[in-house]
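Please keep the sequence and structure at hand while reading.

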Amino acid sequence: MKKLAILLFFAILPVTYAMIINVEIKDIVNGRSSYHNFNNSSIVSFSLDWENIGSVDCNARLRMDIQDLNSSELHIVWSKKEVLAPGGGALLSTYYLPKKSGNYSATIKLYYCNDIYTISNFNFSFEKPEFKKLNLSLDVATTKNEIKFKIKPKKDLDKLYIIPEKYPRGWIFDSLEVKNLKKGKEKEVTLTYIPAYWMSRDITFSLISGNYLKNVKIKLEEEKKLPVFEIVITLFAISLFVNFYLVVRRKNKKN
């Protein structure tokens with residue numbers, strides 16, 4: 001019986017090993033939208049809710065091309081880039097203020113996992129409001145890929161849109177919506193951009209809240225770094241001078 005049991009064990013063993021399965025998960029790029037919205041009241045905006053239902057991380061960004069139907073003028077605006085893990089989602093939004101009332105066409109594209117998808121094409125009309133002056137304090141600092149806005153409004157603002165108006169065609173600038181700005185309280189927001197080839201440029205932005213507008217021109221500059229070497233040398237020189245002064249003073253006291 002013992003011999004029979006041993007023979008049965010070794011007879012079953014190869015079958016057990018043969019049942020081990022190697023599972024490989026393939027990279028699947030997929031996504032879906034459950035909501036989108038277009039608005040052309042005080043500004044032109046398009047929003048799209050996008051969910052990553054694939055198996056890989058993906059960058060997602062909206063692009064909106066606005067064409068004036070009475071001319072060849074084309075303006076391109078972008079949403080903020082979102083990094084979506086599998087199962088993650090985000091609301092992608094673009095904003096634009098046409099220069100004048102008239103008829104326009106819009107092409108909405110989604111940049112997703114290095115692919116480009118056309119979401120929608122449509123025509124629309126826009127009636128530009130009579131804007132009043134937007135009063136707020138603004139401090140701006142720039143680097144080679146970011147613009148930091150420190151905003152202090154003179155009254156409560158429910159929403160504030162920061163929209164790039166004039167910039168090089170080959171560059172990518174976010175457009176932002178800032179919520180709940182309180183009177184007299186400073187709020188800092190960061191707008192990112194991707195230059196084709198960076199050099200100092202003048203960029204124009206529109207800051208819009210309801211029927212209030214402020215146009216801002218910003219000069220892009222590199223981040224100013226502290227001159228560490230010069231500071232160290234200066235402190236060392238000061239230290240030598242102070243030590244020399246103290247030594248001389250002690251000698252004078254002794255004399």
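In this predicted model, Glu 177 and Lys 159 are joined through their side chains by a salt bridge, with an N to O distance of 3.6 Å. The two residues sit in distant parts of the chain, 18 residues apart: Glu 177 belongs to strand 14 (residues 176–181) and Lys 159 to strand 12 (residues 157–166). Glu 177 counts as partly exposed because its relative accessibility is 29%, and Lys 159 counts as partly exposed at 34%.

How many salt bridges does the structure hold? There are eight. Among them is the pair of Arg 32 and Glu 51, at 3.0 Å from N to O. This pair also links distant parts of the chain, since Arg 32 lies in strand 1 (residues 31–39) and Glu 51 in strand 2 (residues 44–52), 19 residues apart. Another salt bridge is formed by Glu 146 and Lys 148, whose closest N and O atoms are 3.5 Å apart.

| Residue | Relative accessibility |
|---|---|
| Arg 32 | 47% |
| Glu 51 | 29% |
| Glu 146 | 25% |
| Lys 148 | 31% |

The surface also has a nonpolar patch. Val 29, Tyr 117 and Ile 119 make up this patch, which covers about 230 Å². Ile 119 is part of strand 8 (residues 115–126). Is Ile 119 partly exposed or buried? Its relative accessibility is 33%, so Ile 119 counts as partly exposed.

Conventions
Residues are numbered from 1 along each chain as its sequence is written. This is a predicted model: local features need pLDDT of at least 70, side-chain atom pairs count only at pLDDT 80 or more; totals for chains, interfaces and linings use all residues. Side-chain values use heavy atoms; hydrogens and water are left out. Patches are made of residues with over 30% relative accessible area and no salt bridge: like charges are joined within 9 Å, nonpolar side chains (Val, Leu, Ile, Met, Phe, Trp, Tyr) within 5 Å. Accessible areas come from the Shrake-Rupley method with a 1.4 Å probe; for residues, only the protein chains shown count as cover. A salt bridge is a side-chain nitrogen of Lys or Arg within 4 Å of a carboxyl oxygen of Asp or Glu. Helices (H or I, at least four residues) and strands (E, at least two) are DSSP runs, numbered from the N terminus. Buried means under 20% relative accessible area, exposed over 50%, partly exposed in between (1.4 Å probe, protein chains only).
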